[in-house]
Amino acid sequence: MIGIDEALDAVLAEVRPLGAERVPLLEALGRACAATVVSPEAVPGFANSAMDGFALRGEDLAEGRREFAVVAEIPAGRPSARHLFAGEAAKIMTGAPLPPGADTVVPVELTVALEAGVLVTDPPAPGSNVRLAGEDLTPGDRLLEPGDRVGPAEIGLLASVGVETLPVTRRPRVAILATGSELVAPGQPLASGQIRNSNSFTAYAQVLEAGGDPILLGIARDDAAETRRLLAAALEQDVVLTSGGVSVGEFDFVKQVQEELGVERRFWGVKTKPGKPLAFGVREGTLVFGVPGNPVASMVSFELYIRPAVLALQRRRDLYRPYVTAAAAEPVKAAKERAELRRCRVAREGGRWRFTTTGPQGSGILRSMALAQGLAIVPARHPGGAAGQELTVQLLEGSAEERPPYPV
């Protein structure tokens, strides 16, 4: 068996980023940009008011003038050609262009209306409350680089310079196949000895969250021919994710069928708990993962290896989950020969992070993942001990470019 870092390196070494496609701007949310995007124009394109108030000359305020004749009214979207001279002001709305001659806006709440003008009661500094042309962006400013994730702010930024479509990396297509005659789809009655297929649904959600395009292929019964048929279809996609069937049982056909279909194995078995019987291989550029059938082991394997691969296929740089160093709020159980990933909740207390495990940690207890905010990483052969010990906790939300420090 190999360690987490070695397994992850082996996976990422096989990633070949996917091609690009151009999509409408609103469909680019959550996607990875596939090209450098520069601003074609300045934002704002003209000096404008940041407040409702009165535009005037700052030098008048600096010279002590407080009463002004109001000679114009400027709503947003209607430039005024009226030049302001000494002692003159224009009533102006937020976002409206500054009139010629003006360089300052006095908020309306700092003024009192006069019969033919306005009195400034609390003069701001000259130049206040004005958004200058190009204050946000100038032509040629780089907005996005290849691999950048397009979030809500990026959508707005691109819209502000008139971008209608965006080149993004194609979503990786991930075929999801559960194996095992004991599995039953949700909504179907359970016979004696059967369990519901939850792995395909958690995997579907995990793929979506990572920006992939999940494809459910159903359940392969414990039959070599059926497993071969479904796996052959799965291999037409960018990534294959099978759950179960990678152990050493008499009816575990996945590894055998993968070999028959030309999958070149890179490793089988990682020194972690849960997630030991993880298999990874490739066939003609398709990444093939066989994760354990236990629900928690399946999810943890996805977090550690498949999620970074799905992101890397999109040219993303933030392949990893963020991590913190946190003190245990409870005694730490000893670990044996494998690193253990214990599901936990984290909280910031007194300037430091603390974590508490989410109850029983068996690899079949899916509730331990539903309650979790992170994975506390306990190195192999850790002796355990009292509360207060600090461990690395890999969070289960967000993305980061720095890889967590996994134990050897």
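How many bridges join strand E13 to strand E17, and in which direction do the two strands run? Select residues 173–179 for E13 and residues 239–243 for E17. There are 5 bridges, and the pair runs parallel. Keep in mind that this is a predicted model.

Zoom in on one bridge. Pick Val 174, then Val 239 in E17: these two are bridge partners.

Now widen the selection to the whole sheet. It is open, has 6 strands and shows mixed pairing. Step across it in the order E16-E13-E17-E21-E20-E18. Stop at the two edges, E16 and E18 (264–268). Each has a single partner strand, so one side of each lacks a neighbour in the sheet.

Next, the helices. Select residues 4–13, helix H1. H1 packs on the sheet and touches E18, E20 (279–283) and E21 (286–291). The direction of H1 makes about 160° with that of E18. Then select H4, which also packs on the sheet. The strands touched by H4 are E13, E16 and E17. Between the directions of H4 and E16 the angle is about 170°.

Stay with H4, residues 199–209, and show side chains. Phe 201, Tyr 204, Leu 208 and Leu 216 form a nonpolar surface patch. Together they have about 370 Å² of accessible area. H4 gives the most to this patch, with 3 residues.

Last stop: Leu 216. This residue lies in E16, residues 213–220. Leu 216 is partly exposed, at 41% relative accessible area.

Terms used:
Residues are numbered from 1 along each chain as its sequence is written. This is a predicted model: local features need pLDDT of at least 70, side-chain atom pairs count only at pLDDT 80 or more; totals for chains, interfaces and linings use all residues. Side-chain values use heavy atoms; hydrogens and water are left out. Patches are made of residues with over 30% relative accessible area and no salt bridge: like charges are joined within 9 Å, nonpolar side chains (Val, Leu, Ile, Met, Phe, Trp, Tyr) within 5 Å. Accessible areas come from the Shrake-Rupley method with a 1.4 Å probe; for residues, only the protein chains shown count as cover. A salt bridge is a side-chain nitrogen of Lys or Arg within 4 Å of a carboxyl oxygen of Asp or Glu. Helices (H or I, at least four residues) and strands (E, at least two) are DSSP runs, numbered from the N terminus. Buried means under 20% relative accessible area, exposed over 50%, partly exposed in between (1.4 Å probe, protein chains only). Two strands pair if DSSP finds at least two bridges between them. Contact means heavy atoms within 4.5 Å. Axes are lines fitted to C-alpha atoms, for helices over the stretch in contact, and angles run from 0 to 180 degrees between N-to-C directions.
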